[in-house]
Amino acid sequence: MIQRPGSRVSVERIESRFLRTNPLGDPFVRDLAVYLPPSYYHSSTEYPVVLCLAGFAGGAWSWFNFQAWVPTMDERIDSLVASGVPEMILVFPDCFTRYGGSQYLNSPAVGDYESYLAEEVLPFVDQMYRTKKERRFRGVLGKSSGGFGAITLALNHPDLFSAVACHSGDMYFEYCYVPDFHVASRMIRKYGGIRSMIEKFDQVSKTGKDDHAVLNTIAMSACYSPNLQTKPHLFDLPFEERTGKLRNAIWRKWKKLDPVEVVKTKGRHLADYGLVYLDCGMRDEFGLFVGARIFDRELQRLGVSHIYEEFDGGHFHIQDRYNISLKKMAEYFVSL
């Protein structure tokens, strides 16, 4: 347990029935970090809950890693509370996978992480802690892959949440993923093909820019285009392995999960939300501001009340944006 004056980060362990048989052999007993606000142990108050989703290659403890001059998430919310922002419980699940991430989806090539969050993590927190259990007192936020997860959960589960914040979330896949494909194709050939690469995955380099391109492509393929007939890895790449040419049938599977497409059919679900907040840096290295603008325009077309902000920044080192979304969520919850 992490403890500083006032607040605490409690560490729970959840044995998941949804993850027990995941095909990657990843742990099905997972850490769950829970931030408890300063007044928690000195009152009988019930608190709103915000589910916080880490970006690609992140997990529960990514939010608390030391960085010089950058507050950890518990330090950040402590500072906000000290300035007068209403208190909340924050929940940090571990959805890291062998490939780097789950996109917080259910996939037969990765595991049922969406069900894990919706049907295990949230009920567990409600059981263990003094929470306000109605959906109007529950929010979800994240950045990058976590932003994709937050907006996707919000679109799929309007019965669970009433507030969502998506920071630089993966959307408009043409810009945020396709530029990696030619690099991924080259790297896969370097390792002797996708089957060979997966078989020696633990020995594959994971530190360079090109490494990130191929790892991200593999992870997204496992999440967006699973195929139980493709052995042993159980997913299809979105391009031909020999040439790198885009495979249109597989790409269509990816696009069905792109938030700029999903919002067209499920966007009206967000009309029942008290807070829908999106932002993105105007210099985002993955061009995610394009997807954010398209998503914003679609919400406008649907007449869904929301906030969209662009800021002068890129994709990295933008943790200060959490100050904005957390404050807006806390103020929304206290207004109910």
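This is a predicted model: local features need pLDDT of at least 70, side-chain atom pairs count only at pLDDT 80 or more; totals for chains, interfaces and linings use all residues.
Buried here means under 20% relative accessible area, with exposed over 50% and partly exposed in between (1.4 Å probe, protein chains only).

View 1. Numbering starts from 1 along each chain as its sequence is written, and side-chain values use heavy atoms, leaving out hydrogens and water. Of the 336 residues in the chain, 57% are buried.

**View 2. Helices, strands and overall dimensions.** You will find 11 helices and 11 strands in the chain; these are DSSP runs (helices H or I, at least four residues; strands E, at least two), numbered from the N terminus. Along the principal axes, the C-alpha atoms fill a box of roughly 60 × 45 × 40 Å.

**View 3. Contacts across the sequence.** Contact means heavy atoms within 4.5 Å. Take the contacts between residues at least 6 apart in sequence: 75% of them join residues at least 24 apart.

View 4. Tyr273 sits in the loop between α9 (259–266) and β10 (275–281). Is Tyr273 buried or exposed? With a relative accessible area of 7%, Tyr273 is buried. Setting aside neighbours within four places in sequence, Tyr273 is in contact with Arg135, Ala154, His157, Pro158, Phe161, Ser162, Ala163 and Val164.

**View 5. Tyr273 and Gly58.** These two residues are 215 residues apart along the chain, and their C-alpha atoms are separated by 27 Å.
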